[in-house]
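Please look over the structure below.

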2 protein chains.
Amino acid sequence: MKLTWHRKNLHLKHPFNIASVQRQQTTEKQVLLARIEHKDHIGWGEASPVSYYHQSKESAEAVFQQAASMLGNDPFAFDAILDPLFEKFPDQPAAISAIDIALHDLAGHLLGIPVWKWFGLDAKRIPITSFTIGIDTLDVIRQKVHEAADYPILKVKVGTDNDDAILTAIRDVAPDKTLRVDANGGWNDQNVLERCTHLAKKYRLEFIEQPTPAGHHDALPAVLHANPCPIVADESCLGPDDVLGLVTAFDGINIKLSKCGGIRRALRMIHTARAAGLKIMLGCMVETSVGISAAAQLAPLVDWIDLDGHMLLADDPFEGIGGNHGKLTLNDKPGLGLSEK
Amino acid sequence: MKLTWHRKNLHLKHPFNIASVQRQQTTEKQVLLARIEHKDHIGWGEASPVSYYHQSKESAEAVFQQAASMLGNDPFAFDAILDPLFEKFPDQPAAISAIDIALHDLAGHLLGIPVWKWFGLDAKRIPITSFTIGIDTLDVIRQKVHEAADYPILKVKVGTDNDDAILTAIRDVAPDKTLRVDANGGWNDQNVLERCTHLAKKYRLEFIEQPTPAGHHDALPAVLHANPCPIVADESCLGPDDVLGLVTAFDGINIKLSKCGGIRRALRMIHTARAAGLKIMLGCMVETSVGISAAAQLAPLVDWIDLDGHMLLADDPFEGIGGNHGKLTLNDKPGLGLSEK
């Protein structure tokens, strides 16, 4: 098998802010695509390394450089290929995820069936995805909510000093939509109970993601006890080994392929979380349809999906699971079901 | 898809006793085979219903009768087929397991690859299986151990009044073999700590299975604390929902397809147990190579296997994963890798 990779500069439809990088706007997005060739078949993968998890495009490319000679020639040898990579590069799940994704796409092409079918899943069970509204001025937020008229579920970045004003603006424009929020760890032990209780009730929130920073979970059992709405772990839940430690502090987990290391580990997390009674969400970074379609293959197994990363791109180079009106479609094409545009 | 089934009378190489049916010998074994046909391909499955779990050949056949019209025509629609069966027949996992196994065999044939490969596993990681020595007179036990010279790991049924004599006889003949024991719930809160500590030390046991009856776990945390050897749950661990509740009383779990409902649920149990730090064993009933080869497909994921059920049969109608010298071989044939003899 031959592994190659390249960066690609893409553009966002709208500038994007989040709590952790407030006041810093992005309009461009450089993505990192991987490609595994084997016997006239191609598998695509995508890495979304983020500095928050101490990864970068450079560190991911360094993994690809070494992994290229470690792949062997059997695309089905997932464990024999991936386990040594996780051992050698334990802190680089985003790069390994790209290889895992490309292998799934490749193997799906070799088998002639989509990954979701190969996994025995029921494509009809895919949930509706939320559409993310980034932090911005109230006027721009209102405008974004108008533009998102087609999407029945909105996910809003909160954890700012301005949460009430933001959510009021959103509820003005969209009084009846399902609304979930992501605080990106913006609250703390002192204010988290009040914040969650107040916002969940006043704005009828479906769930709140990552209210306090990763590892700062002391106040969360009291939040769970008050039960304002489900509380979901994102930055607190990286891989399979984290899941069971979260049951006293969270109602659910947000799984992202780049965070956990790919489809294979995501599946382990799903089974573990389900056994522990945790709700399960599939999330994403700003990614092309490669990364998003990969995550979507597992979507019939989860409760909530937030797989809109590709919809934020003005020039996604791939077509995959689509997303009009929040409806992702697991198609019948082999592998991840991708077509290059 | 067309589901059919039939009973088949087979013979045991040796009469067989276990603690729960002491003094009752079996020399015959009637197995229950299921068969799913689809587009010139056949998938084989096997049900091993046992009265201990309130199932019988009759109850399994009643499930087949109704399931036959519920299968639809897509062999890959595992969740869409199996979930309604588990909902409709929650107390009949053995029958559903046979359907799950037959679907995996069938889908493997349609894909043209073995199930272990389809799952991305590394066939080389399969552990050596133990060979079971049933309860019998000391002379017969010594004879059986002699006859099992080829097998490097023995599993011995204990939980009788005669455990020391049995284990002494075995250690006389096989002083250096790896020895694991299965008490089948034969001990109780009062004697379990002494029994485990004494036997594990004196006879150098690899692990002890099911020391007390299912649900009678009160004394087990103290056994875990004394740490004589790993303590493994069998009758205490039926399906995926049981796994996490066992971590304070057991070091590991014994997964059997007929007990949990098939390959798909077994995989969920494996991922959950691994995340919980539990050791994992794959076990079996007295089954043909259909049931045993099905379990063996998952063997690269577990720590211990006890998949000797087919070796106890004098006239196994299938050839599958073999088992000479305790070495099962995951072959490259499609599905479960079976050939009819």
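This is a predicted model: local features need pLDDT of at least 70, side-chain atom pairs count only at pLDDT 80 or more; totals for chains, interfaces and linings use all residues.

Chain A superposes on chain B by a rotation of 180° with 0.0 Å of shift along its axis. That is the relation of a two-fold axis. Chain A itself is divided into two parts, domain 1 (2-112) and domain 2 (117-340).

**Symmetry**
- The superposition of chain A on chain B has an RMSD of 0.0 Å.
- Within chain A, Thr272(A) has the C-alpha nearest the axis, at 2.2 Å from it.

**Interface between chains A and B**
- Contacts join 21 residues of chain A to 21 residues of chain B.
- On the chain A side, α2 (78-88) and α10 (263-275) each supply at least two residues.
- By type, the chain A side divides into twelve nonpolar, three polar and six charged residues.
- The copies meet through the same surface, because 100% of the interface residues of chain A are also interface residues in chain B.

**Domains of chain A**
- The C-alpha centres of domain 1 and domain 2 of chain A lie 21 Å apart.
- Their contact takes 39 residues from domain 1 and 35 residues from domain 2 of chain A.
- On the domain 1 side, β1 (2-16), β2 (26-38), β3 (41-47), α2 and α3 (93-111) of chain A each give two or more residues.
- The largest share of that side, twelve residues, comes from α3(A).
- The domain 1 side divides into 20 nonpolar, 13 polar and six charged residues.
- Helix α2 of chain A contributes to the side that touches chain B and to the side of domain 1 that touches domain 2.

Notes: Residues are numbered from 1 along each chain as its sequence is written. Chains are lettered from A and ligands numbered from 1 in the order in which they are written. Two residues are in contact if their C-beta atoms, placed from the backbone, lie within 7 Å. Helices (H or I, at least four residues) and strands (E, at least two) are DSSP runs, numbered from the N terminus. Ala, Val, Leu, Ile, Met, Phe, Trp, Tyr, Cys and Pro count as nonpolar, Asp, Glu, Lys and Arg as charged, and the others, Gly among them, as polar. Copies are superposed by least squares on the C-alpha atoms of residues with pLDDT of at least 70 in both. Domain bounds come from an automatic or database domain assignment.
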